[in-house]
Amino acid sequence: MRKSGAGGHVPYDEALTEKARENRRRPTPAENKLWFEVLRSRRLSGLKFTRQKPLDRYIVDFYCAELMLAIKIDGDSHNARGRYDEARTRRLNALGVEVVRYANAEVMNNVEGVCVDLQKRLSDMRTL
């Protein structure tokens with residue numbers, strides 16, 4: 001099994017493709033903010049991120065294949081979905097994908113802090 005940062009393809013359930021497209025057409029305000037201010041057009045350390053990427057049996061908000069890094073933006077609905085989120089993270093970790101989570105409010109109110117945190121995580125991943 002590849003470790004995070006090794007790059008590679010993660011197979012996914014093709015039934016998720018249409019749902020991922022729909023999610024891309026209707027992003028949350030926090031997803032839009034992170035995408036347009038931080039991740040789009042290789043703005044973050046020159047890395048390519050994709051939006052609403054199917055991985056295995058899940059869809060992550062943002063994904064960098066080069067580092068096998070998934071970013072999830074958690075809204076209020078995630079408060080009641082703790083076990084599901086934990087199971088998804090464990091499964092993706094088992095596939096070699098590092099999962100980073102931020103709350104909607106964190107992105108909306110402190111996108112600069114989120115960017116700094118991501119930069120530190122990227123630096124740590126590249127030195128492993």
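**Exercise 1.** State which residues on the other side of α5 are exposed, and which residues of α5 are buried.

*Solution.* Exposed means over 50% relative accessible area, buried under 20%, and partly exposed in between (1.4 Å probe, protein chains only). On the other side of α5, the exposed residues are E112, V116 and K120. V111, V114, L118, L122 and M125 are the buried residues of α5. Because these cover an arc of only 75° around the axis, they lie on the same side of α5; the arc is that of the directions from the helix axis to the C-beta atoms. They pack against α2 (29-39), β3 (69-74), β4 (98-103) and α4 (104-109), where contact means heavy atoms within 4.5 Å.

This is a predicted model: local features need pLDDT of at least 70, side-chain atom pairs count only at pLDDT 80 or more, and totals for chains, interfaces and linings use all residues. Residues are numbered from 1 along each chain as its sequence is written, and side-chain values use heavy atoms, with hydrogens and water left out.

**Exercise 2.** Check the span of helix α5 (residues 111-126).

*Solution.* Helices (H or I, at least four residues) and strands (E, at least two) are DSSP runs, numbered from the N terminus. The expected span is 1.5 Å times one less than the number of residues. For the 16 residues of α5 this gives 22 Å, and the end C-alpha atoms are 22 Å apart, so the two agree.

**Exercise 3.** Decide whether K72 is buried or exposed, and list what K72 touches.

*Solution.* K72 is located in strand β3. Its relative accessibility is 6%, so K72 counts as buried. Leaving out residues up to four places away in sequence, K72 touches I59, V60, D61, R88, V99, V100, R101 and Y102.
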